[in-house]
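Let's take a walk through this structure together. Have the sequence and the 3D view side by side, and follow along as we go.

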Amino acid sequence: PSSVNVELGPEVVSWQETGTLPAVGDTVVLALYLNPGLPLPVRLPAHVTASGAGRVTVRLAELGDELEEFWQQWVFRQHRREVHARRPGY
């Protein structure tokens, strides 16, 4: 699928939607391709908390202990990589 920039957090995901916007309160399943080399997405259930002007924000639903831990660690690693890349000399 085509790339879409998203804002990731341990409990919240937000993105600019070009298609039909879901309504606030809807339950959705996010299909996130975390690495271009991995052909299958991570699917995460979420509840729409904001939807308007082409922007959608969701709060992740209960993921279960193992998936929640994986997700939080992965988001933290991405954040650390971004901070590292912004340092002068990199």
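A word on burial before anything else: a residue is called buried under 20% relative accessible area, exposed over 50%, and partly exposed in between, with a 1.4 Å probe and protein chains only. What you're looking at is a predicted model, in which local features need pLDDT of at least 70 and side-chain atom pairs count only at pLDDT 80 or more, while totals for chains, interfaces and linings use all residues. Residues are numbered from 1 along each chain as its sequence is written, and side-chain values use heavy atoms, with hydrogens and water left out.

Start with the overall layout. The protein chain has one helix and five strands, and from the N terminus on they come as β-β-β-β-β-α. These elements are DSSP runs numbered from the N terminus: helices are H or I with at least four residues, strands are E with at least two. The C-alpha trace spans about 45 × 30 × 25 Å along its principal axes. Of the 90 residues, 24% count as buried.

Now trace the sheet. The five strands make an open sheet in the order β1-β2-β5-β4-β3, with antiparallel pairing. Its edge strands are β1 (6-8) and β3 (27-32), each pairing on one side only. Two strands count as paired if DSSP finds at least two bridges between them. As a general point, strands of a sheet pair through backbone hydrogen bonds, either parallel or antiparallel. Neighbouring strands here are turned by 35° against each other on average, direction ignored; the axes behind such angles are lines fitted to C-alpha atoms, for helices over the stretch in contact, and angles run from 0 to 180 degrees between N-to-C directions.

You can check the pairings one by one. β1 meets β2 (residues 12-16) over three antiparallel bridges, and Leu8 has Val13 in β2 as its bridge partner. β3 and β4 run antiparallel and are joined by six bridges; look for Ala31 standing opposite Arg43 in β4. β4 and β5 also pair in the antiparallel sense, over six bridges, with His47 partnered by Arg59 in β5.

β4 and β5 form a hairpin, with two residues between them. Ala53 counts as exposed because its relative accessible area is 78%.

Next, zoom in on Ser14, which sits in strand β2. Ser14 counts as buried because its relative accessibility is 8%. The Ser14 side chain makes polar contacts with the side chains of Arg55 (3.1 Å) and Thr57 (3.2 Å). A polar contact is a pair of N or O atoms within 3.5 Å; within protein, one must be able to donate a hydrogen and the other to accept it, and residues adjacent in sequence count only if both atoms are side-chain atoms. Thr57 itself belongs to strand β5. Contact in the plain sense means heavy atoms within 4.5 Å, and Thr57 has such contacts beyond four places in sequence with residues including Val12, Val13, His47 and Val48.

Helix α1 lies across β1, β2, β3, β4 (42-52) and β5 (55-60), running at about 110° to β1. It carries Trp71 and Trp74, three residues apart, about one turn of the helix. Why are these two rings called stacked? Their centres are 5.7 Å apart and their planes at 25°; rings of Phe, Tyr and Trp (its six-membered ring) pair if their centres lie within 6.5 Å, and planes under 30 degrees apart count as stacked, over 60 as edge-to-face and the rest as tilted. This is the one aromatic pair in the structure. Trp71 is buried at a relative accessible area of 1%, and Trp74 is buried at 12%.

Finally, the core. A nonpolar core is a set of buried Ala, Val, Leu, Ile, Met, Phe, Trp, Tyr and Cys residues joined through side-chain atoms within 4.5 Å. The largest one has 15 residues, of which Val13, Leu30, Val58, Leu60 and Trp71 touch the most other members. β2, β3, β4, β5 and α1 each supply at least two residues of this core. Beyond four places in sequence, Leu60 is in contact with residues including Val13, Leu30, Leu44 and Trp71.
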